Amino acid sequence: MTQDHEAIRDAYRQRRGHWNDDLEALLAYSPAYVTAYLEFSAYVADRGTLTPKFRELIYVATNCTPTHMFEKGLRNHAKQAIALGATSAELLSVAATVSAMGIYSYQLVADTIAELLPETVEGTAPDDVRRITADHAELFGEVTVNAATGIALDADFHATWLDFAAAPVRGPYAALSYKEAHLLALAVHAQCTQLSPDGVRQHARAAIAHGASVDEVLDVGRLVSSMGIHAMMFALPTITDLMRGD
């Protein structure tokens, strides 16, 4: 059994690049479970459409989202990203990309207002709408119906968000390409703690508009699907303690 355990550890390190105490606890629970998780979580790495460093940056993004904020995961994957050559500017640009996801709160409310009071949608000056719409299209590749509604209701507010959201790709400390930023944003909207259809649609379209392949977009979804493992990592120590009477 010890030899089997060591073989699993070695395979995990080789294919995923790390091993930690949480995985050790899972291994003690079930080698078969860890082996199955390795096959599931290494699927994207085996395909090779996303570079090892970018895969770690995606994990950095999903672990620092406001709906997850898993510090152990953030630290682990940031450390791996650094070992693979990620710079401080890249890591902070990833966090900055995630920090812009709050706009969907406004879009959700704007959509509701447009549904309840459709006459309010024409409230912004046409020139402002055209200007902000063009800027949105430059950043995202196109303007979705949801984004158009938000712009029509308050173009000035949307403009302030565009400047904020564009910092990782346009600002003085920008370190990401448009394609990379949208793939990262896609990951945080697709992850199991967020599951935002509007965000997924908008950033998938934008990533493709800026050169992402269908396989790259799908691999983002495949990659973040493995985040469900955090349920076991969270529950196992507590259940183990309770069964011991602690």
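A pocket is defined, on a 1 Å grid over the protein atoms alone, as an open set of points where a 1.4 Å probe fits, with protein on both sides within 12 Å along at least five of seven lines; lining residues have an atom within 4 Å of a point. The model is predicted, so that local features need pLDDT of at least 70 and side-chain atom pairs count only at pLDDT 80 or more, whereas totals for chains, interfaces and linings use all residues. Residues are numbered from 1 along each chain as its sequence is written, and side-chain values use heavy atoms, without hydrogens and water.

The largest pocket is lined by 21 residues, with Asn-20, Gly-73, Asn-76, His-77 and Met-233 nearest its centre. Helix 6 supplies the largest share of this lining, five residues (helices are DSSP runs of H or I, at least four residues, numbered from the N terminus). By class, the lining of the largest pocket comprises seven nonpolar, nine polar and five charged residues (Ala, Val, Leu, Ile, Met, Phe, Trp, Tyr, Cys and Pro count as nonpolar, Asp, Glu, Lys and Arg as charged, and the others, Gly among them, as polar).

In the second largest pocket, 15 residues form the lining, and Arg-16, Gly-17, Arg-55, Glu-56 and Gln-80 are the closest to its centre. Helix 1, helix 5 and helix 6 each give two or more residues to that lining.

Leu-183 is in contact (heavy atoms within 4.5 Å) with Phe-54, Ala-207, Ala-212, Glu-216, Val-217 and Val-220, leaving aside neighbours within four places in sequence.
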